[in-house]
Amino acid sequence: MRKVVRLSVLGAGTVGGGVLTLLRENADLLEAQTGKRFEVRHVLVRDLSKPRAVAVPPKLLTTNPQTALCDPKVDIVLELMGGLEPARTLIRDALQSGKHVITANKLVMAVSGDELIRVAQRHGVRLLYEASVAGSLPILNALQGSLAGNRINRVVGIVNSTTNFILREMERAVDAGEPAETAYNTALRKAQELGYAEAAPSSDVEGYDAQYKTAILARLAFLQYVPLESVYREGISHLSGRDLLWAKRLNMGLKLLSISERLPDGRLCARVHPTLIPRDCPLYLVRGAFSGVWLQGNGFQEMSLHGFGAGALATASAVVGDLIEVARHPKPLRLEDPSLRPGETAPIESLTMRYFVRLSAPSEDALRALREPLQTLGAEFHPSETLQQGIEQVALTPPLNEGEFQTVMTRLREQENGQVQVIRFL
Ligand code: NAP
Ligand code: HSE
């Protein structure tokens, strides 16, 4: 690679702005690390007139993808625009024209990572995507590098910072005696005001963002291709402050977890859902807009990483780390990527877990009807409580098969009077 490495940066928003800042502020350090200087030649945006948090020299800005992609002097393309298209096509085009690509785009890597990794391989260029999972945490590089000699058994992570912030805010509100019923909406509004959650926050709060990241993380941890649709997904939008209140009473924390594990029969199960965890679990201490990943492997035993999972400079740190790696090692290994090997996945219905069930009903009779099937399953009940909206009762089940348990829950939810909230234990 040349002494001056030339870059096209696609996107100058939160992450693009952070990358441009680090490239400028740490230019000497990057030269010391790689023996090369980095020069930004093009910055692709949608709107040239938009005010930007990080100033970009106007002569670098373009709205034409071809200007950024077809310049023969450009060695590396940084895709930091987000969304499936046109990002995926631009990544593919860049790789096919012999340029290395670094991306923070979990959607593209979860949906089309297998195809793009093969395109990079065929064209003898590198495709790196550390920033796509858990922001600044070097988890993907660790799995492919220092930890690669381990058989990984389980990966449990908080990989979405926005929902972690919202759940922490709800917990704080409940601890402060604020109304539990409005805690979710208040916390979501605060996350939007602070710029963590977007105006249309469904990708975060419905668990899609964590599902994309889980598909990527599980593929690299367990060395098998993980189709996105095989990752079970449930978000946090149905949770209420009452659930956080109950978590506190049970001395538990409530987190949106990404869990991937190899089952005894060899199949891989990957899932994202709200989960009750003990307060002495290291992941309970992952607070606010942070991410954390805990892993178990047969050599290192267990390990956790914890840090900023989102934000301009934290995410830029991972992008620039990939940039240094490409500058040092521009030739890809000629091996087929082991994470693309086919393998069997198991649906969540194969698992056995304990459940927290919160029943709400307008009358004692309606509550009894909801309670009976849970009694048959061996659940233990906390005393019922009369609230403004009706009567509430919490049941804790023994370990049960998910498939069989959910069949009972579906029948319960069909009852006209009452509501059923189910949360899994770790
Ligand atoms: P963002 O703030 O919305 O910025 C996106 C940038 O891309 C903007 O500069 C936008 O141009 C440009 N862009 C989008 N679509 C375009 C198009 N069709 N043509 C030309 N330019 C286009 O997004 P972000 O938060 O930086 O996220 C970027 C990527 O990083 C996403 O894949 C995201 O999932 C990932 N990521 C984000 C974070 C985070 O903390 N934000 C953390 C990890 C990973 P304009 O400025 O002109 O609109
Ligand atoms: N929306 C994502 C999150 C950004 O909250 O974690 C980082 O990928």
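A nonpolar core is a set of buried Ala, Val, Leu, Ile, Met, Phe, Trp, Tyr and Cys residues joined through side-chain atoms within 4.5 Å, where buried means under 20% relative accessible area, exposed means over 50%, and partly exposed covers what lies in between, with a 1.4 Å probe and protein chains only. The structure shown above is a predicted model, in which local features need pLDDT of at least 70 and side-chain atom pairs count only at pLDDT 80 or more, while totals for chains, interfaces and linings use all residues. Residues are numbered from 1 along each chain as its sequence is written, chains are lettered from A and ligands numbered from 1 in the order in which they are written, and side-chain values use heavy atoms, with hydrogens and water left out.

We can start with the protein as a whole. Along its principal axes, the C-alpha trace spans about 75 × 50 × 35 Å.

Of the 426 residues, 55% count as buried. The accessible surface comes to about 18,600 Å², and 51% of it belongs to carbon and sulfur atoms; such areas come from the Shrake-Rupley method with a 1.4 Å probe, and for residues only the protein chains shown count as cover. A contact means heavy atoms within 4.5 Å, and among the contacts with a separation of 6 or more, 73% are made by residues 24 or more positions apart. As for charge, the protein has 48 positive and 46 negative side chains, and the centres of the two sets lie 7 Å apart. In this count Lys and Arg are positive and Asp and Glu negative, with His and the chain ends not counted, and the place of a charge is taken as NZ of Lys, CZ of Arg, CG of Asp or CD of Glu.

Leaving aside residues up to four places away in sequence, Ile166 touches Tyr184, Ala187, Leu188, Ala191, Val205 and Ile236.

Helix α10 also holds Ala210, which is buried because its relative accessible area is 3%. Beyond residues up to four places away in sequence, Ala210 touches Val159, Asn160, Leu256 and Val272. The C-alpha atoms of Ala210 and Arg233 are separated by 8.2 Å, although these residues are 23 apart along the chain. In helix α7 (residues 161–175) we find Thr162, which counts as buried because its relative accessibility is 7%. With residues up to four places away in sequence again left out, Thr162 touches Tyr196, Ala197 and Asp204.

Pro179 has its place in the loop between α7 and α8 (183–193), and it counts as exposed because its relative accessibility is 51%. Pro179 and Arg242 are 63 residues apart along the chain, while their C-alpha atoms are separated by 9.2 Å. In the loop between α10 and β8 (232–233) lies Glu229, which is exposed, with a relative accessible area of 69%.

Some features of the backbone also deserve attention. Most residues other than glycine have a negative phi, and most peptide bonds are trans. The peptide bond from Glu85 to Pro86, however, is cis, with omega near 10 degrees, and Pro86 sits in the loop between β4 (76–79) and α4 (87–96). Leu223, in the loop between α10 and β8, has a positive phi near 50 degrees and is partly exposed, with a relative accessible area of 33%. Asn251 likewise has a positive phi, of about 60 degrees, although it is not a glycine; Asn251 lies in the loop between α11 (241–249) and β9 (252–262) and is exposed, with a relative accessible area of 52%.

Definitions and conventions: Helices (H or I, at least four residues) and strands (E, at least two) are DSSP runs, numbered from the N terminus.
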